[in-house]
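Take a first look at the protein shown here. The report moves from the whole chain to a single residue.

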Amino acid sequence: MQIWVDADACPKVIKEILFRASARRGIDLILVANHQLQVPPSSLVSTIRVSLGADVADREIVDKIAVGDLVVTADIPLAAATIAQKGHALNPRGEFYSPENIGERLSMRNFLTDLRDNGVVTGGPAPLTQRDRQNFANQLDRFLAKSDHPQ
């Protein structure tokens, strides 16, 4: 199992939690972005830089994930593609996407996109809170504890 990160929009604090978890659990962490990333020196942490363009990082992740991999993303279509490939998807607020909730999330995302395309101001996501960070760290720890990987 590897952890993939849709790193273009992933908050720095979430990446730091992931760096620590990777080191602690001995799990490969791959960050995919369309810009240069600063990562700690570690044989477990790598980056893939993709070209600019809509969904280029998403396609790179979908093309490379394996069954059981974890993808950290707030991008709902990427989460849906991850689930379709039998992977796991966790957003930076600590919410897992699942086969049971992804359809509703996609519908809401598409509805809001349609509203924005028609000039309705829908606002963006709320800022990441300390509670969100803690929820993410807790969910990540629970997920990794269930895996068969050494600490």
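In what order do the elements of the protein run from the N terminus on? The order is β-α-β-β-α-β-α-β-β-α-α. That makes five helices and six strands. Keep in mind that this is a predicted model.

**The whole protein**

The table gathers overall values for the protein.

| Property | Value |
|---|---|
| Span of the C-alpha trace along its principal axes | about 50 × 30 × 30 Å |
| Radius of gyration | 15 Å |
| Accessible surface | about 8,600 Å² |
| Distance between the centres of positive and negative side chains | 6 Å |

The radius of gyration agrees with a compact globule, because a globule of 151 residues would have a value near 15 Å. Of the 151 residues, 38% are buried. Carbon and sulfur atoms account for 52% of the accessible surface.

Contacts also reach along the chain. Take those between residues at least 6 apart in sequence: 53% of them join residues at least 24 apart.

The charged side chains number 17 positive and 18 negative.

**One residue up close**

Where does arginine 109 lie? Arginine 109 is part of helix α4, which covers residues 102–117. Is arginine 109 buried, exposed or partly exposed? Its relative accessible area is 33%, so arginine 109 counts as partly exposed, between the cut-offs of 20% and 50%.

Which residues does arginine 109 touch, leaving out those up to four places away in sequence? They are Ile76 and Pro77. Arginine 109 and isoleucine 76 are 33 residues apart in sequence. In space, their C-alpha atoms are 7.5 Å apart.

Methods. Residues numbered from 1 in each chain as written. Predicted model: local features only at pLDDT ≥ 70, side-chain atom pairs only at ≥ 80, totals over all residues. Heavy atoms only, no water. Helix = DSSP H or I, 4+ residues; strand = E, 2+ residues; numbered from the N terminus. Rg over C-alpha atoms; globule rule 2.2 N^0.38 Å. Buried < 20%, exposed > 50% of the residue type's maximum accessible area, 1.4 Å probe, protein only. Contact = heavy atoms within 4.5 Å. Areas by Shrake-Rupley, 256 points an atom, 1.4 Å probe, with all protein chains shown as cover. Lys, Arg positive; Asp, Glu negative; His and termini not counted. Charge placed at Lys NZ, Arg CZ, Asp CG, Glu CD.
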